[in-house]
Amino acid sequence: MANTIQSKKRARQNQTRYEINKARRSRIRTFLRRVEEAIASGDKDAATTALRQAQPELMRGVTKGVYHQNTASRKMSRLSSRVKALG
């Protein structure tokens, strides 16, 4: 348990950041799931639209420190190749 004032404040900050990052991860996963569902349905137009909406969300997660740059790039690369293969 935190004893000093500084460590108590840091514990509060950690909890706040945890909740914010959790919400961001959930939002990004929702956008990625929409792309997956569009790919599964076979609708290339819907998949392309969903991918274009997911890309800025994923990259925003990188700038906010939720995801690593390479992880986001890998996810976008794999999804875009799958969307491209629909045609």
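1. **Fold.** Read from the N terminus, the order of elements is α-α-α. The radius of gyration is 17 Å, well over the 12 Å that the globule rule gives for 87 residues, so the chain is more spread out than a compact globule. Keep in mind that this is a predicted model.

2. **Dimensions.** Along the principal axes, the C-alpha atoms fill a box of roughly 60 × 20 × 15 Å.

3. **Burial and surface.** Of the 87 residues in the chain, 24% are buried.

4. **Contacts along the sequence.** Take the contacts between residues at least 6 apart in sequence. Of these, 57% join residues at least 24 apart.

5. **Charge.** The chain carries 21 positive side chains and 6 negative ones. The centres of the two sets lie 13 Å apart.

6. **Helix H2.** This helix covers residues 44–63. H2 has 20 residues. From its first C-alpha to its last, H2 reaches 29 Å, close to the 28 Å expected at 1.5 Å a residue.

7. **The buried side of the account for H2.** Which residues of H2 are buried? They are Ala47, Ala50, Leu51, Ala54, Glu57, Leu58, Gly61 and Val62. What do they pack against? The buried residues of H2 pack against helix H1 (5–41) and helix H3 (69–86).

8. **Glu57.** Glu57 sits in H2. Is Glu57 buried or exposed? Its relative accessibility is 10%, and the cut-off for buried is under 20%, so Glu57 counts as buried. Set aside its neighbours within four places in sequence, and Glu57 is in contact with Arg27, Ile28 and Phe31. Those three residue numbers fall within the range of helix H1 (5–41).

9. **Lys64.** Lys64 belongs to the loop between H2 and H3. Its relative accessibility is 44%, between the 20% and 50% cut-offs, so Lys64 counts as partly exposed. Lys64 and Arg24 are 40 residues apart along the chain. Their C-alpha atoms are separated by 9.0 Å.

10. **Where to look.** Start with H2 and its buried residues, which pack against H1 and H3. Then find Glu57, which is buried and in contact with Arg27, among others. Finish at Lys64, in the loop between H2 and H3.

Notes:
Residues numbered from 1 in each chain as written. Predicted model: local features only at pLDDT ≥ 70, side-chain atom pairs only at ≥ 80, totals over all residues. Heavy atoms only, no water. Helix = DSSP H or I, 4+ residues; strand = E, 2+ residues; numbered from the N terminus. Rg over C-alpha atoms; globule rule 2.2 N^0.38 Å. Buried < 20%, exposed > 50% of the residue type's maximum accessible area, 1.4 Å probe, protein only. Contact = heavy atoms within 4.5 Å. Lys, Arg positive; Asp, Glu negative; His and termini not counted. Charge placed at Lys NZ, Arg CZ, Asp CG, Glu CD. Expected span 1.5 Å × (residues − 1).
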